[in-house]
Protein chains: 2
Amino acid sequence: MADRIQPRTLKGFRDFLPEAELQREAVFETARTVFRSYGFVPIDTPALEYTEILMGKGSDETDKQLYRFTDNGGRDVAMRFDLTVPLARYAAQHIGELGTPFKRYHIGSVWRGENTQRGRYREFMQCDFDTIGTESVVSDIETALVIHDLLTALGIERFTVRINNRRLLNGLLEARGLTDQATGVLRSLDKLDKVGPDAVRSDLVATVGIPESDANALVDLAALSGGSDILDQVDVGDSELGARGIDELRQFMAGVEAAGVEPGRIVLDMGIARGLDYYTGTVYETVLDDLPDIGSVCSGGRYDDLASLYTNQRLPGVGASLGVDRLLAALEELSPESSARTSAPVLMTLFDDSRRSEHLAVVAGLRRAGVGVELYPEARKLGAQLKYGDRRGHTLAVIIGDTEWDDETAQIKVLATGDSHVVDQDELADACRRLLGDA
Amino acid sequence: MADRIQPRTLKGFRDFLPEAELQREAVFETARTVFRSYGFVPIDTPALEYTEILMGKGSDETDKQLYRFTDNGGRDVAMRFDLTVPLARYAAQHIGELGTPFKRYHIGSVWRGENTQRGRYREFMQCDFDTIGTESVVSDIETALVIHDLLTALGIERFTVRINNRRLLNGLLEARGLTDQATGVLRSLDKLDKVGPDAVRSDLVATVGIPESDANALVDLAALSGGSDILDQVDVGDSELGARGIDELRQFMAGVEAAGVEPGRIVLDMGIARGLDYYTGTVYETVLDDLPDIGSVCSGGRYDDLASLYTNQRLPGVGASLGVDRLLAALEELSPESSARTSAPVLMTLFDDSRRSEHLAVVAGLRRAGVGVELYPEARKLGAQLKYGDRRGHTLAVIIGDTEWDDETAQIKVLATGDSHVVDQDELADACRRLLGDA
C-alpha cells in the first residue's frame with residue numbers, strides 16, 4: 001500500500017501498554033472488592049449525554065473543556081467530564097425504583113479538553129463511591145473506612161485520611177462575622193500545604209480582606225490535627241452550625257475507633273477545607289506519608305442535595321473519588337518491583353510441532369489445576385522462547401523435550417534465577433504452584 | 001429552583017441499574033480470568049481517535065454511523081466504533097516494543113449511530129481477544145479453547161463452537177471456477193441459519209449468478225457438521241488452498257481433542273462462512289443450544305494482515321469477540337434466578353443510634369472475616385430495614401437488639417425463607433458463612 005496512515009494518538013490521550021493496564025486492572029479489582037464488602041453496588045451511565053444535562057448551571061471552565069458537538073440527529077451532545085453530574089441525573093431519574101439509602105460505585109472514563117502543558121490528560125478514569133439519601137453519620141464513617149480498607153488492600157502501608165467538617169469551618173466563620181468571605185477563606189486555606197502558613201495569612205488579609213487577628217486565628221486553627229481531643233481547642237462561639245460540626249466530628253471519630261482502625265490512620269485536620277461550594281459536612285483528603293507532594297489520592301465530602309438541578313426530591317449524600325492516575329504513579333514509585341508484567345505466570349515452551357497435541361494436553365491440565373499458563377505457539381529455539389518469557393515477565397518456563405517425554409518428566413526453569421527443577425509430569429501443577437508461592 | 005432540567009438519556013444510550021451492572025461486571029471478571037489463564041494481557045486505547053485513523057479505507061456504512069466532530073483544537077476526531085481498528089493502529093505503533101507473538105484482550109465501550117429501530121444500542125461494550133504475529137495453528141486452537149472455557153466458566157452448559165476455514169471455502173470455489181463470485185457466495189451462505197437452504201439455493205442462482213449444480217453442491221456441503229471425519233466428504237479438487245484449509249482443520253480438531261474438550265462442544269460446520277473480506281483462515285461462531293435464535297455469542301477468525309493501513313510489518317493473527325449484550329440476555333433467560341442483585345450478601349440492621357459504635361465493631365469484624373456486609377445507616381423500624389434487604393437482594397439480615405447485646409448473641413434471618421437462627425456474637429462470621437454456603 002502506497003499511502004500508509006501514520007499511526008498516532010491524539011494529544012492528551014494515551015494507549016495503555018499491557019504492564020500499565022495490568023496495574024490499572026489490579027487497582028480497579030481491589031476497589032470493586034472493597035466497595036462490595038460494604039454493600040456498594042456498581043452502575044454505569046452513557047459516555048455521551050445531552051449538553052444541557054452536563055452543563056447544568058455549568059462553570060465557564062467546565063464549558064471550555066467540554067467535548068461538545070452536534071450528533072447526526074441534530075442533538076447538542078457532549079462527553080461526560082466527571083461521574084458526579086451523571087450520578088445526579090441518574091439518581092433524579094431512577095431513585096424511585098432504586099430506593100434509599102442508595103450506595104453506588106462507578107468506575108469509568110471521563111473527558112476534559114485540559115491544557116496538556118500542565119501534565120494533564122484529556123481522557124482519564126474516575127473511580128467514585130457515594131451513599132445517597134441519608135444524613136446518618138454512619139455513612140460518613142463508612143466513607144473513611146472504605147478509603148482506609150482500599151489503601152490497605154492495595155498494599156500501601158503508610159497513609160493518613162484527613163477529616164474536617166464544613167459545618168465547623170462555616171460556624172467558626174459565622175462566629176467571627178466572616179460568612180460573606182467564606183468562599184475566599186476556604187480557597188485560601190486549601191493552599192496551605194502548597195504555599196505554607198505565612199503566604200496564606202498574607203493572602204487572607206490582602207486578597208480575601210479579613211482582619212489580621214482573624215487571619216492569625218484561622219491559620220493557627222488550620223495547624224491543628226490529631227484525635228477528637230483537638231476539638232477542645234476549637235472555639236465556634238455560639239454558632240449552632242459550628243457546634244453541630246464539632247458534634248458530628250466527635251461521633252465520627254468514635255465510630256472510626258470502634259471499627260478498629262489503627263490510631264493515626266484517620267485523623268482530624270483543621271487545615272482541610274475542600275473549598276468547593278458543593279460540600280456541606282464532613283470532608284476527606286488522603287495523603288501518602290511517603291509521598292506527600294503528590295497531593296490527595298482520595299478526596300470527597302458530604303453534600304446536602306445532589307440532584308436539585310433535575311428533581312425536587314432532596315438527596316443528601318456523602319462520597320469520595322479515588323485519584324486513579326496519582327495512585328498508580330504512587331504505587332509505581334513505592335513498590336516498582338511488585339508490578340505484574342504478565343497475566344499467566346508460566347510459559348510452556350514448544351520445540352516440535354508434532355508434539356503439539358501433547359503440549360496442549362499438559363497445559364490444559366495445568367489450567368484445570370488453576371495454574372495460568374501461556375503456550376508458546378511456534379516451535380522455535382529454546383533461547384528465543386526463554387527470552388520471550390523474560391520480556392513478558394513470566395515467572396516460570398516449563399520445558400518438555402524428547403528426553404522429558406520419554407521419561408514423563410518436565411523441566412521447570414525459574415526465569416529470574418535460572419534455577420532448574422526436574423519433576424514428574426503428574427507432579428507438574430503442584431510443583432509450579434509451589435515455585436510460584438501459591439501452595 | 002424554578003427551571004429544572006428533565007433528567008433523561010440520549011436515544012440509543014442506556015443507564016445500567018445495579019442489578020444489570022453486577023451481571024455485566026461478573027461476565028467481564030470471568031472473561032478476564034479466562035483470558036489471563038492463557039497468557040492474554042489487557043490493553044486500553046482512547047475513546048477518541050483521529051477520524052483518519054478510524055475511517056481507514058472505511059465503508060460507507062461505518063462512515064455514516066461515526067460520532068465525528070471537530071475538537072476545540074480544530075482536529076477532525078471520532079469516537080471508536082469497534083476495538084479492531086484501534087488494535088491495528090496500536091499494534092502498528094507499539095509492536096516493536098511489544099514483540100510477537102502478542103496476545104491481548106480489550107474490554108471497552110464503542111459507539112455507533114445505529115438505527116435504534118432495529119433494537120440496537122448506540123453505545124455498547126466489546127470484549128475482544130487476539131493473538132498477533134504468528135500463523136501457528138496453536139493460536140487457532142487456543143482461540144476456540146478460550147471461548148469454550150469462558151462459556152463454561154459462565155455456567156452455560158449447552159453450547160457449540162462452530163468452526164470452518166476460509167481457505168477450504170475459497171479453495172472449493174476456486175476448484176469450481178467461482179473465485180470471482182466468492183464474496184456473494186459467502187454472504188449468501190451466512191444467511192443459511194436465518195432463511196434456510198432453499199432460499200439460499202435460489203439466492204445463489206438468481207442473485208449471485210452461479211450454476212444450479214454448484215449451488216446445490218454448496219448448500220449440500222454447508223449442511224455438513226461434526227468431527228474431522230466430515231472432511232472426507234469435502235472435495236476441493238486440486239486446489240492447494242483448499243487442501244491447506246482441510247489440513248489446518250484436521251490439525252485444529254486434533255489439538256482440541258488433545259486439550260480434553262468434551263466431544264460435540266467444538267465442531268466443524270461447513271455452513272459457517274463469516275463473509276467478511278477480512279478473514280482468511282479458521283472462522284468461529286458460537287451458538288447456545290437452548291437459544292439458537294439469538295445468533296452467535298462469540299465470533300471471530302484468522303486474518304493475514306491486521307495493520308497494513310498503518311505499517312509495512314505484516315501482522316497475521318487470530319481472535320474473537322464476545323457478544324456481550326447477547327450473552328447477558330441469554331444468561332438472564334437461561335438462569336434468571338442466579339443473577340446477583342446485591343454486592344454484599346449480609347445486611348446488618350440498626351435500631352439504636354447509641355449502639356452505633358458497637359454495630360460498627362461487629363461489621364468490621366465480619367468484613368475482616370471475609371463476609372461482605374452492609375450496615376443500614378439509620379435507626380429505623382425493623383420491618384422497613386428488612387424490606388430494604390429484600391429489595392436489595394441481601395441473603396441474610398443480622399439483628400442485634402438490646403436483648404442480644406445483653407446476651408452477646410445475634411439473630412440471623414434468612415430473608416428468602418424467614419428462618420431465624422440465634423448464635424453467639426463470636427460465632428457470627430462462621431454462622432453467616434455457613435448459611436451463605438461459603439463454608
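This is a predicted model: local features need pLDDT of at least 70, side-chain atom pairs count only at pLDDT 80 or more; totals for chains, interfaces and linings use all residues.
B:Arg158 counts as partly exposed, because its relative accessibility is 45%. The side chain of B:Arg158 meets that of B:Asp290 in a salt bridge, with 3.0 Å from N to O. B:Arg158 sits in the loop between α5 (137-153) and β7 (159-165) of chain B, and B:Asp290 in the loop between β10 (279-288) and β11 (298-303) of chain B, so the pair ties together parts that are 132 residues apart in sequence. B:Asp290 is also partly exposed, at a relative accessible area of 43%.

Over all chains, the count of salt bridges comes to 64. Another of them, at 3.1 Å from N to O, is formed by the side chains of B:Arg14 and B:Asp325. Here B:Arg14 belongs to the segment before α1 of chain B and B:Asp325 to helix α12 (residues 324-334) of chain B, so the bridge ties together parts that are 311 residues apart in sequence. B:Arg14 is buried, with a relative accessible area of 15%, whereas B:Asp325 is partly exposed at 30%.

Salt bridges also run between the chains. The side chains of A:Glu52 and B:Arg8 meet in one, with 3.1 Å from N to O. Because A:Glu52 lies in helix α2 (residues 51-55) of chain A and B:Arg8 in the segment before α1 of chain B, the pair joins two chains. A:Glu52 has 42% relative accessibility and so counts as partly exposed; B:Arg8, at 26%, is partly exposed as well.

The structure holds 24 aromatic pairs over all chains. In the pair A:Phe13 and A:Tyr67, the ring centres are 6.2 Å apart and the planes stand at 65°, so the arrangement is edge-to-face. A:Phe13 is in the segment before α1 (18-37) of chain A and A:Tyr67 in the loop between α3 (60-65) and β3 (68-70) of chain A, so this pair ties together parts that are 54 residues apart in sequence. Both residues are buried: A:Phe13 has 7% relative accessibility and A:Tyr67 has a relative accessible area of 6%.

These two residues belong to one aromatic cluster, formed by A:Phe13, A:Tyr67, A:Phe69, B:Phe13, B:Tyr67 and B:Phe69. On the chain B side, B:Phe13 lies in the segment before α1 (18-37) and counts as buried at 6% relative accessibility. B:Phe13 and B:Tyr121 are 108 residues apart in sequence, yet their C-alpha atoms are 6.2 Å apart in space.

Two backbone features remain. In chain A, a cis peptide bond with omega of about -5° joins A:Thr100 and A:Pro101, and A:Pro101 lies in the loop between α4 (84-98) and β5 (102-111). In chain B, B:Thr100 and B:Pro101 are joined by a cis peptide bond, with omega about -5°; B:Pro101 is found in the loop between α4 (84-98) and β5 (102-111) of that chain.

The other feature concerns phi. A:Glu408 has phi near 55°, a positive value in a residue other than glycine. This residue lies in the loop between α15 (402-407) and β16 (409-414) of chain A and counts as exposed, because its relative accessibility is 56%. On the surface, A:Glu408 gathers with A:Asp406, A:Asp407, A:Asp424, A:Asp426 and A:Glu427 in a patch of negative charge. B:Glu408, not a glycine either, has a positive phi of about 55°. B:Glu408 lies in the loop between α15 (402-407) and β16 (409-414) of chain B and is exposed at 56% relative accessibility.

How values were computed
Residues are numbered from 1 along each chain as its sequence is written. Chains are lettered from A and ligands numbered from 1 in the order in which they are written. Side-chain values use heavy atoms; hydrogens and water are left out. Patches are made of residues with over 30% relative accessible area and no salt bridge: like charges are joined within 9 Å, nonpolar side chains (Val, Leu, Ile, Met, Phe, Trp, Tyr) within 5 Å. Accessible areas come from the Shrake-Rupley method with a 1.4 Å probe; for residues, only the protein chains shown count as cover. A salt bridge is a side-chain nitrogen of Lys or Arg within 4 Å of a carboxyl oxygen of Asp or Glu. Lys and Arg count as positive and Asp and Glu as negative; His and the chain ends are not counted. The place of a charge is taken as NZ of Lys, CZ of Arg, CG of Asp or CD of Glu. Helices (H or I, at least four residues) and strands (E, at least two) are DSSP runs, numbered from the N terminus. Buried means under 20% relative accessible area, exposed over 50%, partly exposed in between (1.4 Å probe, protein chains only). Rings of Phe, Tyr and Trp (its six-membered ring) pair if their centres lie within 6.5 Å; planes under 30 degrees apart count as stacked, over 60 as edge-to-face and the rest as tilted.
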